[in-house]
Each structure stands twice: as C-alpha cells, then as structure tokens.
Amino acid sequence: MNSKISIGLDVGNSDIKTRNTSTPSGFSSYQKAPFNVDNYLHYNGMFYVPEYDRFPYSKDKTQNDNLIKFSLFGIANEIIARCTQDFYQTNINRSLRHEDIQKRIDEIEYINLGFGLPPTHCASLSDKTIAYYYDRFNNMKSFEYNGYTFSLKLDKCKCYPQDFAAIVGYNPKDRDSIIKNFDSYYAIDIGGYTVDIITIVNGKPSLQKSDSKPLGIITMYNSMIQEIDIEEGIRLTMDTIEKVLLNKPTILDDSTKKIIYSKAESWYHHIINELIQFGLDFSVYPAIFLGGGSLMYWDYIKNDPIIKKCELISNPNANAIAYEKLISNIK
C-alpha cells in the first residue's frame, strides 16, 4: 500500500458510503468493549457499534462528534476493503490473516479526504466542515476499528457539491443517455431524510432552482410506522418495512404488506407533487435520479406518465466515487 490514500466519503442520513463500502448512519455507545461484537469503533476511550436506528436529520453535522465517528466508520471500512483487495491480488494461494491487513494499514500515514454537501449548503458549511475534520484529525493519535489499529493524518480535505459531483463523474455507456445528449436537466437524489434537487442549466447547477426537502425514505418510514400503528395496531420497524419494499422475506401477513406497498406508492406521488410545486416541469427537462430511494422507487419513476424522460444512476455509492476521483486529481 502507498503511504497516502485518497478516500471519497458520503456521510448520508441513512448510510455512510465510500467507493466500496456502506455502513448505517447510527450507532450505540459503550464504555467497555461489547461482548461478541466484531464490528466496532474504539475512539477517545469509548466503543461505538453501528446500528440501523439512524439519528435525526442535522443540516450542520459539525455541531457534535457524531460526524467524526461516522467518518471513521467509513474511512476504516474502505481502507480494510482496499487492503483486503491488495492482499488477494498479490497472494492468490495464501489464506488471509489479521496481521496481513494490519501490516498494510500500518503503511498508510496520510489520507486525502473528499466529501460532499448539498449545493445550497456548500457556501455556509464547507469551510466549517473542512476545519472540523482538520481539528479532529490533528487531535487524534489513533483509533481502533474491528480489531485493527489506525494512525492517520489528514493531508488534503475538500468539499464538493453533492449529486452534482456524481453527475460530473457519471460516464454511461448508453449513447442515448441524458447526460450525453442534454445540457439542461434535473438531478434528483431520493436519500434517507431528504430529497435533493439540482437543476442543471447549460451544464451548470442553478442554486435558485435547487433545494433539499425533508421527503426521504426514513421520513417515509417514520410516517408509515405511525400510521400503521394507529390504523392496524401493528408497530413495525424501519428494517421490516425496508425488507418488504425490497421483496425480502418477512413473516408479515399479505394484508400488512399491501398496506406498506400502498403507503409507499402514496409517498412517491407525494414526492413528485412537491417537486412540481417547487417548479420542476418534467415535460420540459429530463430527470436523472440517484440515491437509494430512487432505486427503491424506480418502477414507479420509469412508469410515471408525468415524467417524460428519465434515467437512473444505479450505484448508491456514486457520490463517494466521484469525491474520490476529484480529491485524487488535486496535486
């Protein structure tokens, strides 16, 4: 491994994503190492275990230490993933050992960190977030993740406009792709707590026609849990609802599943109606959708007669991949 590594980090409200990894944006904390738990962060004397119960939405993530903990989850997972790939590329016939990964981790001294914020937040929060990262890394000697020890220094750190970065780094093979044929379109990211809208006009983002609305998938889950509890007397969890919508096995009755599907479809139409009220005209501009929520809703989106032309960036890690490419190009 090189002594310096570039990492793109997308700290979303639902998941923390890097090029190769995804970790839920929630954690539980312990003063002592939790029993029989392999996936944990040991930082500043406390232990943190990733959890699927996400924290409330926060526009300014620098107000507490949750951001650095989330970031270390993502950074450590990405480094472990790359060290593992590096091992198997050079040791085809040998079993992987803990010390093999630790040896490669020890070779890494510096990281270049690229991250993103919604375009409408960049002016007010980018410098503050960069200063936050430098402060936390300058005051951090080391941390432990999943039994591996990391001692990292932050070299370069830069903020990029979320979603627009993913669009810039998007290189579809299809010659009919929106991005290859249009210089004006909508980029719509249906995420965890928010739906982010960027209007691209003549190849550039228009801040006046961009926004972030609290209509994301986790917001839908919370609304659905409350409504089904009142209507049916069943207290569902986000995880169970997500499994139903992703067609994964559950023991729920078919009648309950139908309610979940119906409410999910209603929420989709609620999103589209809010976008239209904001000023989006899908008969004028095509739309590129991205984010985990867009993946979940893609059947609705592509069959919606209101949306004249649309396209999906199917990789939920697209923003993180773009940030990494951009930070890697800085000399």
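Okay, a definition to start: angles under 35 degrees count as roughly parallel, over 145 as roughly antiparallel, 65 to 115 as roughly perpendicular, and the rest as oblique. Hold on to that for the helices.

What we have here is a predicted model, where local features need pLDDT of at least 70, side-chain atom pairs count only at pLDDT 80 or more, and totals for chains, interfaces and linings use all residues. Residues are numbered from 1 along each chain as its sequence is written, and side-chain values use heavy atoms, with hydrogens and water left out.

Helices (H or I, at least four residues) and strands (E, at least two) are DSSP runs, numbered from the N terminus. Now look at helix H6, residues 217–232, and helix H8, residues 254–278: their axes come within 11 Å and cross at roughly 135°. Those axes are lines fitted to C-alpha atoms, for helices over the stretch in contact, with angles from 0 to 180 degrees between N-to-C directions. So H6 and H8 are oblique to each other.

Who touches whom? On the H6 side you'll find Met220, Met224 and Ile228, among others, and they meet an H8 group including Ile260 and Trp267. Contact here means heavy atoms within 4.5 Å.

Over to the sheet. Five strands make an open one, ordered E4-E6-E5-E8-E9, with antiparallel pairing. Strands pair if DSSP finds at least two bridges between them. E4 (27–30) and E9 (148–150) sit at the edges with a single partner strand each, so one side of each has no neighbour in the sheet.

Elsewhere in the sheet, E5 (residues 41–43) and E8 (residues 143–145) are joined by two bridges, and Leu41 has Tyr145 in E8 as its bridge partner.
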